[in-house]
Amino acid sequence: MAIRFLSPALRRSLFRTSALTTGALVCLTGTAACAEPTPPVRQPAYTSSLLDRSGTQVRPGSAAPPLPAGVSALSWVVADARTGEVLAARDAHRRLPPASTLKSLFALAALPRLHPDTRHTVTEAELARVGGGSSLVGVSAGRSYRVSDLWRGVFLSSGNDAVHVLAAMNGGMDRTLRQMRAKARALGARDTHVVSPDGYDAAGQVSSAYDLAVFGRAGLADPQFARYCSTAVASFPAGGWSYPIQNTNRLLTGADGVARYPGLIGVKNGYTSRAGNTLIAAAHRGARTLVVTVMNPQNGGFAVYEEARRLLDWGFTAAGRVRPVGSLVPARPRTAPDRARHAAAAAPAFAPSTESDDDSAWPALVLVGAGAAVLLAGCVVIVRRRATTVARRPGTGGEFVE
């Protein structure tokens, strides 16, 4: 071989080049073997196809109680507020007008952005877009209110006037609507389309029992939200005096002949002519908190409260005795390697690969192999040319072997 005729320095240079080439090949193949496989197809925000089906969905065990009879709501959900497990549902994703239960999403979007002690003087323009026939707490232009006063007006009196003032303080109606839509998407609530932040009837404004349960669960995790929605009675300022306001959720107050529900936390009720009665109700018993949503009972009157009561009673009895039919927790699609895969990619090149996805590694291996072959061929050409030069120098005594 021509290599034996090269000088020691040249041979060392050649060996270093070969070693680097081989090392590069090993490094590249090691990296390819640890390559991230193709991410799985993105799943829906909810985790069970049962929730997509029409009708009532429940998976009872042997000791589970039967669902309550006579629930006339077009759509309802019973879920565990801590785990997000849906215990039972009827037409969970049916899109219906939400009425004032949509104020829960408004609060989720705007509460963190407005300090409760901030004072604001209301203008006529801020009240100009309040819809006719809206529920009001009595906000007046020219008067100064604290943000916390306005939030009590939203949660207790379902005041659309307070909503519009808070939306103005939050940067305006359009910005608030964008925030609400973004918040709904972030929570995995894909049935909701927001047109008005107060839930006032508007063309195209819809939500679902599933989404309302998502909003209720998220609200309970916020101490401010939970405090406001569980307040039964408060005072609302009116210049130099104030007047009492009472929560319109009758399960919380026991008003109008509706018995209070033990352990009730809130969350929000609503009514419009298009939506009928709607309700997000949460209650705590023992170590468990349940959230129930009821949309548009067909029995009329205060059926929304009595049907929610029966669903809560069922949920506390059935918990642990039924298998979930879905979850309020959004699925987490893999969009990037996790920390373990980052560590694997940063491991030494000679470390054995634990990746079993051969389909993803082979194309890279083929490309690396082809590139390494080209690199090695280039090294051979360089060596031959160098050897020829050395062999032809006078006095070297060398012989070039082709």
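Q: How much space lies in the largest pocket?
A: In this predicted model, the largest pocket holds about 350 Å³.

Q: Which residues are closest to its centre?
A: They are Ser100, Ser135, Gly270, Tyr271 and Thr272, out of 24 residues that line the largest pocket.

Q: And which elements give two or more residues to that lining?
A: There are three entries to look up: β8 (264-272), β9 (276-285) and α10 (303-318). The largest share comes from β8, with five residues.

Q: How does the lining divide into nonpolar, polar and charged?
A: The lining of the largest pocket has 15 polar residues, five nonpolar ones and four charged ones.

Q: OK, strands now. What does β9 pair with, and in which sense?
A: β9 pairs with β10 in the antiparallel sense, over eight bridges. One place to look is Ile280, which stands opposite Thr293 in β10.

Q: How many residues are between β9 and β10 in their hairpin?
A: Two. Gly286 is in that turn, and its phi is positive, about 65 degrees.

Q: Which other strand is joined to β10?
A: Strand β2 (residues 73-80) is joined to β10 by seven bridges, and the two run antiparallel. Here Ala73 stands opposite Pro297 in β10.

Q: Is β10 mostly covered or mostly open, then, and how many of its residues are buried?
A: Strand β10 spans residues 288-297 and is mostly covered, with nine of its 10 residues buried.

Q: What about β6 and β7, how do they run?
A: Antiparallel, with six bridges between β6 (residues 233-238) and β7 (residues 241-246). Ala234 stands opposite Ile245 in β7.

Q: Which residue in that hairpin takes a positive phi?
A: Gly239 does, with a phi near 80 degrees. The hairpin of β6 and β7 has two residues between the strands.

Q: Switching to helices. Why is α2 said to be largely enclosed?
A: Because eight of the eight residues of helix α2 (residues 103-110) are buried, the rest of the structure largely encloses it. The buried residues of α2 include Lys103 and Ser104, along with Leu105 and Phe106.

Technical notes. Residues are numbered from 1 along each chain as its sequence is written. This is a predicted model: local features need pLDDT of at least 70, side-chain atom pairs count only at pLDDT 80 or more; totals for chains, interfaces and linings use all residues. Side-chain values use heavy atoms; hydrogens and water are left out. On a 1 Å grid over the protein atoms alone, a cavity is a set of points where a 1.4 Å probe fits but cannot get out, and a pocket is an open set with protein on both sides within 12 Å along at least five of seven lines; lining residues have an atom within 4 Å of a point. Grid points are joined across faces, edges and corners, and a volume is the space filled by probe spheres set on the points. Helices (H or I, at least four residues) and strands (E, at least two) are DSSP runs, numbered from the N terminus. Ala, Val, Leu, Ile, Met, Phe, Trp, Tyr, Cys and Pro count as nonpolar, Asp, Glu, Lys and Arg as charged, and the others, Gly among them, as polar. Buried means under 20% relative accessible area, exposed over 50%, partly exposed in between (1.4 Å probe, protein chains only). Two strands pair if DSSP finds at least two bridges between them.
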